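Biologist: I have some questions about this one. Can we go through a few of the side chains?
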Amino acid sequence: MVRAPCVDKNGIKKGAWSEEEDNQLRAYVQRYGHWNWRELPKYAGLARCGKSCRLRWMNYLRPTVKRGNFSKEEEDLIDKYHREMGNKWSAIAAKLPGRSDNEIKNHWHTHLKKRTSKHNQDFSKKEEESSSIEQIMQFTGQPPSFISNESIASHRLSNESLVSERVSDDSSSHSSRIENRLLIDLNQEYVLEEE
């Protein structure tokens, strides 16, 4: 059982399209074309607004619209074009013949965005780790081949003692006593602590 469509105060239907409405719109557009979407519903005998008719035609009824699952190649192209152009769905749809901009946008937000954001998080995590290693090298003076989780843990204690010795040597001035210590934890994150 299908719910009855809502009708606004002007008598314009809202909600799901019936098969009869689809056939009316399809027959009119194929015979006369879509010359003015705002006026088209009146001449086609539809109790819909022009925007609703345009979206129904462009996203569902147009003969060239490709429906169904996206192939792996199409998903890769969407991902590539989204990185280049951003959220310009109509420009992306122009590069993928047969797919509507709405369908591409919906597929991006429901499937590809999660996959891409996970990939970007992994990539940014690797970048952070490489920059952490460079900062550790500057702090410890050791090349990256010697840096591992175990060596970071062992250097943590020795570097804490070096910083505390440096602070105790400069105990003559009050401002030198309040320094930030750089502590390296096992997750290769930097934590600043005030003394």
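Biologist: Is Tyr28 buried or exposed?
Modeller: Tyr28 is buried, at 12% relative accessibility. Buried means under 20% relative accessible area, exposed means over 50%, and partly exposed is in between, with a 1.4 Å probe and protein chains only.

Biologist: What sort of model and numbering is this?
Modeller: It is a predicted model: local features need pLDDT of at least 70, side-chain atom pairs count only at pLDDT 80 or more, and totals for chains, interfaces and linings use all residues. Residues are numbered from 1 along each chain as its sequence is written, and side-chain values use heavy atoms, with hydrogens and water left out.

Biologist: How many aromatic pairs does the structure hold?
Modeller: Three. One of them is tilted: Tyr28 with Tyr32, at 4.8 Å centre to centre and 45° between the planes. Rings of Phe, Tyr and Trp (its six-membered ring) pair if their centres lie within 6.5 Å; planes under 30 degrees apart are stacked, over 60 edge-to-face, and the rest tilted.

Biologist: How are Tyr28 and Tyr32 placed in helix α1?
Modeller: They are four residues apart there, so about one helical turn separates them. Helix α1 covers residues 19–32. Helices (H or I, at least four residues) and strands (E, at least two) are DSSP runs, numbered from the N terminus.

Biologist: And which class does Tyr32 fall in?
Modeller: Tyr32 counts as partly exposed because its relative accessibility is 49%. Tyr32 also forms a nonpolar surface patch with Trp35 and Tyr43, with about 390 Å² of accessible area together. Like charges are joined within 9 Å, nonpolar side chains (Val, Leu, Ile, Met, Phe, Trp, Tyr) within 5 Å. Areas come from the Shrake-Rupley method with a 1.4 Å probe; for residues, only the protein chains shown count as cover.

Biologist: New topic. Which ring does Arg99 lie over?
Modeller: Phe70, at 4.0 Å from the ring centre. Arg48 lies over the face of Trp17, at 4.6 Å. The rule is NZ of Lys or CZ of Arg within 6 Å of the ring centre and within 35 degrees of the ring normal.

Biologist: What does Ala93 touch?
Modeller: Beyond neighbours within four places in sequence, Ala93 is in contact (heavy atoms within 4.5 Å) with Arg99, Ser100, Asp101 and Ile104. Ala93 is in helix α5, residues 89–95, and is buried at 12%.

How values were computed:
Patch = residues over 30% accessible without salt bridge, like charges linked within 9 Å, V, L, I, M, F, W, Y side chains within 5 Å. Salt bridge = Lys/Arg side-chain N within 4 Å of Asp/Glu carboxyl O.
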